[in-house]
Amino acid sequence: SPAAGQIKFENVTFGFPGAEKPVIADASFVAEPGKTTAIIGSTGAGKTVLLNLMLRLYDPQEGSITIDGAPVDALTRAQLARTVSLVPQRPYLFGGTIASNLRFGRTDANDAELWEALRVAQGEDFVREKELGLEEPVSQGGTNVSGGQRQRLSIARALVAKPLVYLFDDSFSALDVATDARLRAALPDATEGATTIIVAQRVSTITEADQILVMEGGEIVGRGTHDELLATNEVYQEIVRS
Ligand code: GTP
Ligand code: MG
């Protein structure tokens with residue numbers, strides 16, 4: 001069957017070398033193409049590590065992670081990078097221009113595609129205001145753009161790459177509520193058919209998700225839709241109340 005981007009975790013356990021407790025304990029879930037899977041949980045719950053495992057920044061001690069049935073450790077890092085785009089919790093820009101940063105995942109993207117990604121990522125206005133537009137220089141680390149602008153450029157970069165799988169690690173909580181809402185309204189069309197996994201802090205960001213995973217202390221302690229979890233899951237109820 002053609003590549004679709006289904007992600008499957010089966011009984012995945014991972015701990016950092018030397019640590020006594022695993023950071024991810026016996027995690028199992030499936031993230032389906034065309035659907036949005038959200039991950040929520042307190043700080044240190046293991047959300048970032050879970051996403052990083054998909055990109056093989058580290059490999060689990062137990063269990064398996066597959067994409068469309070193929071173990072991720074059978075893919076080269078270049079294959080993985082073409083399949084999965086991660087918007088990291090702390091976005092990184094390298095020295096170059098706005099355009100070169102946006103083309104990081106797909107060097108043959110044309111300017112129209114860059115503008116379209118910026119429109120979705122709510123970054124179009126600030127790039128248009130730059131004297132050189134897409135060709136505006138960016139310093140290493142992106143120190144000449146604000147944190148919020150870095151975040152939007154990082155989201156736009158992932159959209160330009162057109163991967164099968166999008167991983168957004170807490171990419172929306174630094175945006176004001178109105179921008180977050182506009183971005184999420186534009187995202188479904190831009191990512192149509194892809195597997196989308198969103199780590200979020202605000203419940204409002206994920207109420208529409210097809211599936212929400214609740215993480216606590218490295219374990220998935222709840223799964224369901226917003227309404228299902230609200231009715232049944234104490235950890236989720238606590239997050240909603242806080
Ligand atoms: P927030 O981003 O703060 O919401 O937390 P998170 O849910 O993303 O937690 P994360 O996955 O980053 O971390 C899970 C656990 O792994 C925490 O106890 C971290 O202290 C620990 N951890 C994360 N990175 C490392 C690392 O590089 N080395 C070690 N030894 N521990 C780490
Ligand atoms: Mg994190």
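This is a predicted model: local features need pLDDT of at least 70, side-chain atom pairs count only at pLDDT 80 or more; totals for chains, interfaces and linings use all residues.
**Thr196 and its contacts.** Skipping neighbours within four places in sequence, I found Thr196 in contact with Lys35, Thr36, Thr37, Tyr166, Phe168 and Thr191 (contact means heavy atoms within 4.5 Å). Thr196 lies in strand β10, residues 195–199 (strands are DSSP runs of E, at least two residues, numbered from the N terminus). Is Thr196 buried or exposed? Thr196 counts as buried because its relative accessibility is 3% (buried is under 20% relative accessible area, exposed over 50%, partly exposed in between, with a 1.4 Å probe and protein chains only).

**Aromatic pairs.** How many did I get from the whole structure? The search gave seven aromatic pairs (ring centres of Phe, Tyr or Trp, the last by its six-membered ring, within 6.5 Å; planes under 30 degrees apart are stacked, over 60 edge-to-face, the rest tilted). One of them is Phe14 with Phe16, edge-to-face at 4.9 Å centre to centre and 80° between the planes. Phe14 is buried at 4%, while Phe16 is partly exposed at 33%. I also noted Phe168 with Phe172, a tilted pair at 5.4 Å and 45°. Both Phe168 and Phe172 are buried. Ring pairs also link Phe14, Phe16 and Tyr58 into a cluster.

**A charge over a ring.** Arg128 lies over the face of Trp115, 4.0 Å from the ring centre (NZ of Lys or CZ of Arg must be within 6 Å of the centre and within 35 degrees of the ring normal).

**Ground rules.** Residues are numbered from 1 along each chain as its sequence is written, and chains are lettered from A and ligands numbered from 1 in the order written. Local features need pLDDT of at least 70, side-chain atom pairs count only at pLDDT 80 or more, totals for chains, interfaces and linings use all residues, and side-chain values use heavy atoms, leaving out hydrogens and water.

Conventions. Helices (H or I, at least four residues) and strands (E, at least two) are DSSP runs, numbered from the N terminus.
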